[in-house]
Amino acid sequence: MSLLFALLVGTLTATGVFLTLRAQTFPVVLGLTLLSYAVNLFLFGMGRLASNAAAVLGAQTQYADPLPQALVLTAIVIAFAMTAFVIVLALKTRAELGNDHVDGTTDDAQKDDSSQ
Amino acid sequence: MATLILIVLLPFLSAPIIALLAGWDRRAAPWAAGITTLSALVLLGILVSNVDLSTPQVIQFAWIPQIGLDFAFRLDGLSILFSGLIMLIGLLIIVYARYYLSPQDHPGRFFSGLMLFMGAMLGIALSENLIQLVVFWELTSLSSFLLISFWQHRKEARQGARMALAVTGMGGLALLGGVLLLGHVVGSYNLSVVLGAGETVRASPLYLPILLLILLGAFTKSAQFPFHFWLPNAMAAPTPVSAYLHSATMVKAGIFLLARLFPVLSGTDAWLFLVGGAGLITFLLGAYTALFKHDLKGLLAYSTISHLGLITLLFGFGTPLAAVAGIFHLINHATFKASLFMVAGIIDHETGTRDMRRLGGLARKMPHTAALAIVAAAAMAGVPLLNGFLSKEMFFSEALDVAPDFGSAWLLPLLVTLGGVLSVAYSIRFVHDTFFGTPDPDLPQEIHEPPRMMRVPVDILVVVCLAVGIFPALLISGLLNFAAGAVLNAPAPHFSLALWHGFKLPLLMSAIALGGGVLVYTLRRPLTRFHEHGIGRLNAKKLYDMLMQSLQLAARTVTRAFDQGRLHGMTLWTLITALIAGGLGFISYHAPLFGPEQHAPAFDVITATGMLVMMAAALAAVWMHPRRLLALLPMGVVGLGVALLFVRYSAPDLALTQLSVEVITVVLMLLALRYLPAHSTIEARPRRYRDALIALLSGVGATILTYAVMSRDYENIAGYFLAKSLTEGGGHNVVNVILVDFRGYDTFGEISVLALAALGVFALLQNLRLPQGTPGPGSRSAAHPLLFQTLSHLLLPLTLVFGLYILLRGHNAPGGGFIAGLIVASALITQYLAHGIRHTENQLLIPTHGAIGLGLLLALGTGLAAIGAGYPFLTSTFGHWQIPFLGNLELASAMVFDLGVFLVVLGASVLMLVQMAHLGTVPPDKPAAPEGGVS
């Protein structure tokens with residue numbers, strides 16, 4: 001099961017990285033979201049995967065590691081704030097520069113287009 | 001002895017007061033500066049008369065004892081002499097500057113800068129701890145930067161200040177290195193110990209690096225060759241600054257350092273050749289160049305360089321008598337050079353020019369000033385009956401004594417006599433070209449003496465030159481003996497200061513210098529022609545500029561190679577670096593990478609299927625990403641899958657958070673898509689393949705890393721939190737207790753970040769005009785379905801109560817501020833979606849800014865309350881209360897903190913979404929721009 005979990009983290013990382021390397025803002029936002037999923041799951045996995053062991057005292061005798069969970073919880077919220085901020089940056093770019101290229105210029109895209 | 005600290009601190013304390021006073025009345029600034037200096041001087045006088053000075057007195061407090069840094073001051077002959085000089089000349093400069101500054105100049109800035117500088121100089125003079133000395137050393141560089149650039153509107157002032165800062169700042173850095181090495185060798189940074197450890201230092205293999213680094217510091221400060229070029233360029237400063245910093249005090253700091261460390265570093269061949277060599281070259285080069293300068297201040301600048309070289313050369317000789325002569329000349333130079341600078345300032349002030357080719361005949365129009373200038377210049381030239389003559393005689397006599405060390409018995413005496421000849425020549429030029437001869441006809445005719453008080457400081461200094469020159473034994477012998485004892489860290493050698501020593505070689509050298517000087521001056525025209533076609537073309541400033549330019553070019557080239565202003569390139573570089581670093585880590589790790597996998601949960605088909613679906617969805621998101629709206633579907637699948645995984649593996653809090661965040665994020669993205677192109681461009685194939693390769697490698701790395709960790713043995717600190725959660729945090733839900741109690745500080749930081757992000761979004765979206773994108777769901781034109789409206793009405797109170805419930809139970813069951821905030825936020829957002837932004841805002845007004853502020857205040861207040869109760873920040877307390885109808889209630893102060901978290905999360909989420917939604921209600925005032933980059 002751990003191997004499958006690791007593969008999931010890997011897949012999310014790979015897809016996230018690929019989308020982060022795109023030239024337009026929206027795919028980059030998607031890529032960052034995927035990357036944050038990957039990082040959150042990775043952190044969560046550091047506490048190992050335990051079934052029926054929620055860290056609420058009194059419910060059972062075995063508890064999952066609460067520390068990574070606490071870290072991931074805040075990480076989720078921060079990632080949300082970051083996503084919102086990046087989306088707004090994308091909108092601002094669009095408004096100020098008239099395009100949604102990450103570098104604010106479509107030169108690169110045009111060059112790529114012509115070479116295609 | 002505590003007075004000593006007060007003496008150093010007084011100027012620093014007065015600086016801001018002076019700046020304030022000057023705003024009130026500009027005449028107050030010089031008075032305040034003068035009174036400060038005078039009080040510090042009187043304090044020093046009282047201290048000196050009350051303390052037994054047969055041995056050096058030290059006062060010290062531990063500052064950072066771990067690195068040997070003490071706050072320590074020292075009172076001995078050298079420090080008294082030097083600090084006295086700083087304050088006395090400072091006082092005269094203040095009087096002079098009072099009349100020099102024009103009504104346009106800001107007196108507050110000038111005099112507070114001067115006070116900062118004086119404080120830093122006193123710090124250098126009185127420091128016992130060497131690191132502390134370096135700190136004051138850097139402070140003199142900084143404050144002199146402010147003073148040189150006082151006339152900020154002049155380009156050459158800014159350039160000169162920058163050059164001085166660059167050169168002396170670099171030297172300061174070298175000095176710090178040297179001092180650290182020195183302290184390492186000696187085992188202490190305190191002078192009392194260091195001065196006694198000369199033999200250890202000279203025997204150490206680190207001696208040469210120490211010497212080089214410290215000399216680098218001293219030579220840059222004292223404008224020794226090859227670092228002399230900054231001093232003439234610093235002459236763009238107001239003349240009082242030049243007189244104070246660049247003749248009497250700051251440039252002497254380097255000499256002071258040579259004197260201070262004389263017992264430790266001198267007495268070796270390296271010292272003789274480095275210090276002596278630099279001094280000799282500077283002495284001759286400065287004197288030669290001074291002769292050909294047409295600017296009065298330029299002549300004085302190079303003459304200062306030359307005299308600094310002379311003093312350095314004396315210390316380079318390394319003999320006790322030479323050190324005495326060095327100290328003596330240091331005092332003399334300060335008196336005559338400061339007065340000459342002030343004369344130059346007076347001439348500039350009255351005639352409007354400092355160019356000697358235009359000046360002339362001023363002796364008739366300002367006879368008093370001319371008399372002062374003639375005496376001071378004669379002292380500079382070394383004419384008998386003046387102080388300069390005495391120290392120059394000692395210099396010649398020492399040069400004769402150590403000459404054999406410099407190769408031959410006649411070479412050194414010849415060179416120093418040549419220097420003397422040049423000194424006499426430029427001194428004559430200063431006087432003759434200015435006060436005699438014919439003036440330029442353009443020069444204003446109405447030239448008269450300066451205000452009386454502007455001349456008084458010069459009067460005093462010139463009287464000192466004369467008095468010391470005529471009665472040396474009476475006036476200066478005792479002080480010199482006292483200071484020399486401190487320099488040598490041993491009783492001073494016997495020396496006799498007298499006008500007449502009989503017919504000896506030094507007297508002959510003086511006579512040659514005087515006669516030769518007159519001869520050189522009469523030959524000045526052919527010499528100037530020769531100079532201007534030869535050496536005169538060499539310019540150290542040009543070299544310096546070239547050096548700086550090439551440094552900047554190199555820095556720019558390196559930066560450009562990595563940062564082309566493109567996100568893609570930067571991300572790629574970061575990823576490749578991470579991959580290489582990670583790859584090296586994997587390769588160099590020799591133990592088996594994976595462990596026995598003892599803690600793995602059992603395989604179950606449903607979870608495995610879920611994970612596979614998530615992987616497929618992630619790949620689908622990549623596949624579909626050019627169609628943006630569609631790509632949000634697989635993204636949602638992945639997000640929900642993550643939430644389900646949290647449920648499956650015992651993290652209910654995480655699952656709840658993830659779920660609520662997912663909802664809000666999707667709404668955000670949908671809102672954004674209304675204003676962005678509906679499709680993404682597909683890049684060229686090579687780029688996609690390259691990116692795919694990088695992505696694949698990153699994925700493989702992440703997989704290996706994750707599996708490597710998860711398959712190994714598992715040790716953690718969970719036991720601590722599980723055991724203490726109830727007893728110390730008063731809560732059953734350990735994750736929540738960690739968030740609001742154990743790691744409350746982190747959480748406080750995180751909600752601050754959240755608040756900042758929300759406010760950033762708010763600020764970015766102000767007055768943003770976006771071309772209307774594709775009308776999508778939720779835009780104004782779309783109708784609000786009745787069913788949705790009715791349902792949302794019903795749901796709102798339910799969700800609010802549920803949110804409150806989640807918040808309150810958070811300490812003991814899954815829930816808490818983060819989750820409750822997100823749930824309530826999504827409930828409110830549902831209202832916006834169902835009824836439209838305008839309608840909802842009319843119905844319920846949510847003070848989002850207020851919620852964020854109040855939340856942060858609550859969280860901070862909880863922490864401060866703990867401090868108020870005598871516990872560390874954010875310590876929580878809890879108790880049980882019997883409350884009617886509700887029964888036994890367990891309440892923890894951390895719940896107030898959690899309420900703060902709740903408010904911040906709620907306020908931030910709603911603020912961000914409402915701002916985005918508002919965009920649609922702003923009528924577009926320009927036609928939609930053509931879609932850029934849509935294929």
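Predicted model: local features only at pLDDT ≥ 70, side-chain atom pairs only at ≥ 80, totals over all residues.
Residues are numbered from 1 along each chain as written, chains are lettered from A in the order in which they are written, and side-chain values use heavy atoms, without hydrogens or water. Local features need pLDDT of at least 70 and side-chain atom pairs count only at pLDDT 80 or more, whereas totals for chains, interfaces and linings use all residues.

Contact, defined as heavy atoms within 4.5 Å, links 83 residues of chain A with 116 residues of chain B. The area buried between chain A and chain B is about 9,100 Å², and carbon and sulfur atoms give 75% of that area; buried area is the accessible area (1.4 Å probe) lost when two parts are put together, summed over both. In chain A, the most area is lost to chain B by A:Met1, A:Arg48 and A:Phe80, which together account for 9% of what that side buries.

Three salt bridges are found across the interface of chain A and chain B, the rule being a side-chain nitrogen of Lys or Arg within 4 Å of a carboxyl oxygen of Asp or Glu. A:Arg22 forms a salt bridge with B:Asp691, with the closest N and O atoms 2.4 Å apart.

Among the elements giving two or more residues to the side of chain A that touches chain B are α1 (2-20) and α3 (66-97); helices are DSSP runs (H or I, at least four residues) numbered from the N terminus. The most residues come from α3(A), which gives 23.

In chain B, helix α6 (residues 155-186) has 32 residues and should span 46 Å at 1.5 Å a residue, which agrees with its end C-alpha atoms being 46 Å apart; the expected span is 1.5 Å times one less than the number of residues. B:Gly187, with a positive phi near 95°, follows α6(B).
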